[in-house]
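I opened the structure to look up helix packing, the chain contact and the nonpolar core. My entries follow the display.

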Amino acid sequence: MPFSAQEHCIAIGLPQGAAMPKGMRHRCLATLTSRSNDEPTRVRFHWTPRRGARSVVCIRQPPRPECVSFTARAGELVGLVGPNGAGKSTLIRLVAGLLRPAAGTVRLCELDPAAASRRAVARLAALVPQEPSAAWPFTVREAVMMGRAPRQGLLSLPSRLDQSAVAGTLEVCDLVHLADRRLDQLSGGERRRVFFARALAQEPRVLLLDEPTAFLDLAHQVAAMRMAEVAAQRGLCVLAVLHDLNLAAASCSRLVVFSRGRIFAEGTPADVLTAERVREVWGVPVWRGEDARTGAPFVLPLRSPPASKQVT
Amino acid sequence: MNRGRVAVMVLAGLAALAAALVLACMVGAQPVSFARAIAGQDPDRTILFGLRLPRALVGALVGCALAAAGTALQALLRNPLAEPFVLGVSGGAALGGTLVLVATGAASHLLGFSSTALGLAPSVATGAVVGAAGATLLVFALGRESGRLVPEAALLVGVVFNFFAAAMITLAKLLVPPDQALRLIYWLTGAISYEGGVTLVVGVLCVGVSVAALVLLSGRMNLLSLGEEEAASLGLHVGLSRGLVLLAASAATGAAVTLAGMVGFVGLIVPHAARRVLGPDHRVLVPAAALFGAAFLVISDAVARVAFLLLGTEPPVGALTAFIGGPLFLWLMRRSRRPG
């Protein structure tokens, strides 16, 4: 294995020449290429969705064996970007153990998340879903307390430790004044903060964010990314699926570009986000600039050629 | 969860149940004196301890089981409209119980001894529990679209299964002797009758075990009510937990149907009222629904007994609960469609 478990929070990979199990159908296939390793390991990923998560749409492209490897370390904020259906959400569901890889290995702090007990996985990795459910009007405090469930007994009776963890999380996420409000009385941004707080209350080592900025206004988008940055600074390994390239470039320490089920590029935002690459992956011509203060790149979609022809 | 609040709620529920039992023993066609009944004088003693108290206890068991099962099914389906009767779980239980009755009737006919009574309570209860579990599995298996549970689809499957079960029961009625068919009809209308002895003991065991299981599973219901993926990411083994909750809810419904036939909407009315007062935490909600559901059905049955006293008849308690529950179901359905 090319990964040392002490160093990496998440390690995905397969030894060279590993064969796909016989009779396995190519239901989905994702291939990730690492450029940071000296020797790229040739790995194939086929995964069949696990029970209870069967609806997760996987990659629909015809299967193509490619190189795969992806690792993330503690203290990193990794942005997963790419067009819809490229495999970003599939990756974080693999890490959360919600999908089982049909071939290949996934390691979450030395643990196989699809085979380990759900409780053990939930103590290591917390997932903030894209559109959190609120079927019943729980209060904010009750919802955040549910993050303690993997550390509680059968009836989830809160211990003093749970109480103090929830109180601390509410403070960090600026939810103290909303603690006794019901979820259905909150705005979209506030509700998102509640589910972020629930994930923090899990005290995970890996935080998985599925589009943390979707459906939020600019201020809440910035606040959501700020919270992700703070989590990474505190030593968590944060993986965030993002669609806003500029927001991702400004916040993330590393970007991973997915395209058609493969990792297309990987590296610092400044290296990864070039005009050619964006056009190649998203099919959109862009103008690339750089934030003079931070050096973070940003891209602006260009007008389509016919419109510019009319002007000249 | 506030432990003091839970204690207050449990005490209030027990008080309500005790008050309901006393009230149900007091009212009826014949005025009785508690003092004379306790002193052992007939007819007061027979009316109170032989008729009214056992019937009230059956009502309490049925209400307790149905309300707890309704709360559990609502958590699983993430929808306040889920209810054993509407989802076809009661229908499955009735079908299972009927098939056992018909089979034992045929067997006794062949073997040459007569068994017209519904006295084979344990075997009927087993059939009802198996039928309820089968119906629940059917609803939760067919109520899915691309792997995700769709509450509306599941409800529709339940309603259709109810029709199917009713048709099968109608067929079964034609196959049994007329006297047994009459008993079947009366059993399934949702009437609480004057039971005693074996039936009561079997009922207490079934309801006690299944409702206790639901109370123990109530912490998991909170997570299950968030949806499969979120529950799994919070450390829950979704398949196992859901299976256990389904089994316990089916057993509770099967026991209730064995005791009183198809009493509808108790699992809708009681959890709805309890949720309004106590909030959505199932660890509070399930025991509250069990206790107040028991009190609710005891009082409903007492009302059903005396409401039409002047006409000299009494409607089955299922008619009364449907009278309240039907409109409530429609109101809840309208309200859940409204955005925000």
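These are my notes, starting with conventions.

I am working from a predicted model, where local features need pLDDT of at least 70, side-chain atom pairs count only at pLDDT 80 or more, and totals for chains, interfaces and linings use all residues. Residues are numbered from 1 along each chain as its sequence is written, with chains lettered from A and ligands numbered from 1 in the order in which they are written.

**Helix pair.** I looked up α3(B) (residues 44-77) and α13(B) (residues 282-307). Helices here are DSSP runs of H or I, at least four residues, and strands are E runs of at least two. The two axes, lines fitted to C-alpha atoms over the stretch in contact, come within 7 Å and cross at roughly 145°, on a scale from 0 to 180 degrees between N-to-C directions. I noted a right-handed crossing of α3(B) and α13(B). Contact means C-beta atoms, placed from the backbone, within 7 Å. The α3(B) side includes G59(B), G63(B) and A67(B), and the α13(B) side includes A290(B), G293(B) and D301(B). I found 18 nonpolar, 5 polar and 1 charged residues there.

**Chain contact.** Chain A gives 27 residues and chain B 26. On the chain A side, α2(A) gives the most, with 3 residues.

**Core.** The largest nonpolar core has 190 residues. Its members are buried Ala, Val, Leu, Ile, Met, Phe, Trp, Tyr and Cys joined through C-beta atoms within 7 Å; buried means 20 or more other C-beta atoms within 10 Å. The largest share, 18 residues, comes from α3(B). L208(A) is among those with the most contacts inside the core. Beyond four places in sequence, I found L208(A) touching residues including I92(A), L127(A) and L239(A).

Definitions and conventions: Left-handed = near helix turned anticlockwise from the far one by under 90°. Contact = placed C-beta atoms within 7 Å. Nonpolar A, V, L, I, M, F, W, Y, C, P; charged D, E, K, R; others polar. Buried ≥ 20, exposed ≤ 12 C-beta atoms within 10 Å, placed from the backbone.
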